[in-house]
Structure formats: structure tokens, C-alpha cells
Amino acid sequence: MFCCFEIKNLSTFSLRVYSSSIRGIYKGNIQSKGEEQEKSKKEFIEILKVLEGELGDKCCFGGDSFGFVDLCFVPFYSWFYAMEKLGNDDFSIEAECPKLVAWAKRCMEKESVAETLPDKHKIFDFALQLRKRFVAD
């Protein structure tokens with residue numbers, strides 16, 4: 001059961017904007033190299049920090065219960081490993097946003113989430129295929 005809640009700074013429109021931004025940045029990180037990729041990573045971390053700020057010290061975005069915002073953003077966690085691997089050696093989402101990664105790990109403890117989301121290594125393999133297709137070495 002999902003709880004109803006308000007997040008004063010994240011309206012439904014904002015959620016769509018953040019979701020679209022994150023997808024675009026994923027694409028930028030996978031399909032680019034060098035300066036463009038570095039810019040994409042910085043934008044990605046900025047967005048994650050906004051989300052981490054909204055999460056604060058709560059268990060879930062809505063408080064104590066897994067809710068709509070959690071449901072919307074937990075699938076992106078499957079891509080974190082690929083983003084880090086495709087970035088450079090010093091790119092760590094957990095180092096930049098530890099509370100957000102801890103939240104994602106708590107979400108993965110839910111059987112329904114863990115069984116639904118794809119394995120991070122399979123996502124990485126897929127991302128490598130995309131990178132080979134779209135980025136010239």
C-alpha cells in the first residue's frame with residue numbers, strides 16, 4: 001500500500017522534469033566521452049543531491065512508508081553501477097550522495113523491489129552495448 005504525502009518542493013511536474021533530466025543525463029553519460037561526459041556526470045549528481053535533500057533523514061521520501069516518489073525513482077538505482085563504471089575511476093555516486101544510496105539499498109531489501117528491478121551487471125552489459133553502438137573510440 002502506498003502512502004499519500006506532500007513533498008513541498010517536488011510537485012508532480014517537478015517529478016516529471018527530474019525524471020526526464022535523469023534519463024537525458026544517463027543518455028549523455030553513455031553516449032559521450034571527455035568533457036561532455038564530465039558535464040553530464042556533474043548535472044546528474046546535482047539532481048541526485050536535490051533528491052537526497054528532499055529525502056533527508058527519512059526512511060522513504062514519504063516518511064516511514066514506501067510511496068509514489070520511492071516507486072518512481074528506485075528503478076534508476078539499477079543504473080548507478082553502469083554510470084559509475086562508464087565514468088572515470090573516481091566517480092562514486094555513493095560518495096557524493098550517501099543517504100540516497102542508503103535509501104536505494106533499503107528499497108532493494110523489499111522483496112517486491114528486488115525481484116522487479118534488473119540486475120545491475122545486466123544493465124551495465126546493456127549500457128556497454130549502447131556505448132559501443134553510439135560512441136566511436
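K33 sits in the loop that runs between α1 and α2, where helices (H or I, at least four residues) and strands (E, at least two) are DSSP runs numbered from the N terminus. With a relative accessibility of 41%, K33 counts as partly exposed, a class that lies between buried, under 20% relative accessible area, and exposed, over 50% (1.4 Å probe, protein chains only). K33 and N88 are 55 residues apart in sequence, while their C-alpha atoms are 10.0 Å apart in space.

The model is a predicted one, in which local features need pLDDT of at least 70 and side-chain atom pairs count only at pLDDT 80 or more, whereas totals for chains, interfaces and linings use all residues. Residues are numbered from 1 along each chain as its sequence is written, and side-chain values use heavy atoms, with hydrogens and water left out.

## Overall architecture

The secondary structure of the protein consists of eight helices and zero strands, so that the pattern along the sequence, by the DSSP definition, reads α-α-α-α-α-α-α-α. Of the 137 residues in the protein, 40% count as buried. Contact means heavy atoms within 4.5 Å; among the contacts with a separation of 6 or more, 78% are accounted for by residues 24 or more positions apart.

The protein exposes about 8400 Å², of which carbon and sulfur atoms supply 52%; accessible areas come from the Shrake-Rupley method with a 1.4 Å probe, and for residues only the protein chains shown count as cover.

## The buried side of α6

In helix α6 (98-108), the buried residues are L100, V101, W103, A104 and C107. They cover an arc of only 155° around the axis, which puts them on the same side of α6; the arc is that of the directions from the helix axis to the C-beta atoms. An α-helix has 3.6 residues a turn, so residues three or four places apart point the same way.

The buried residues of α6 pack against α2, α3 (68-73), α4, α5 and α7 (111-116). From the side of α2, L55 is buried with a relative accessible area of 1%, and, leaving aside neighbours within four places in sequence, L55 is in contact with C60, F61, K99, L100 and W103. L55 and W103 are 48 residues apart in sequence and 8.4 Å apart in space, C-alpha to C-alpha.

## The enclosed cavity

Rolling a probe the size of a water molecule over the atoms shows where empty space is left. On a 1 Å grid over the protein atoms alone, a cavity is a set of points where a 1.4 Å probe fits but cannot get out, a pocket is an open set with protein on both sides within 12 Å along at least five of seven lines, and lining residues have an atom within 4 Å of a point. Grid points are joined across faces, edges and corners, and a volume is the space filled by probe spheres set on the points.

By this rule there is one cavity of 30 Å³ or more, and the largest cavity has a volume of about 60 Å³. Ten residues line the largest cavity, and L48, F73, F80, L100 and W103 are the closest to its centre. At least two lining residues come from each of α2 (34-55), α4 (77-86) and α6. The lining comprises ten nonpolar, no polar and no charged residues, where Ala, Val, Leu, Ile, Met, Phe, Trp, Tyr, Cys and Pro count as nonpolar, Asp, Glu, Lys and Arg as charged, and the others, Gly among them, as polar.

## The largest pocket

The largest pocket has a volume of about 270 Å³ and is lined by 15 residues, with Y77, S78, F80, Y81 and K120 nearest its centre. Helices α4, α5 (93-96) and α6 each supply at least two residues of this lining, and the largest share, five residues, comes from α4. By class, the lining of the largest pocket holds nine nonpolar, one polar and five charged residues.

## Positions around A82

N29, in helix α1 (residues 12-30), counts as buried at 0% relative accessibility. Not counting residues up to four places away in sequence, N29 touches Q37, S40, K41, M83, L86, G87 and R131. N29 and A82 are 53 residues apart in sequence and 9.6 Å apart in space, C-alpha to C-alpha.

D125, in helix α8 (residues 120-134), is partly exposed, with a relative accessible area of 44%. D125 and A82 are 43 residues apart in sequence, and their C-alpha atoms are 8.2 Å apart in space.
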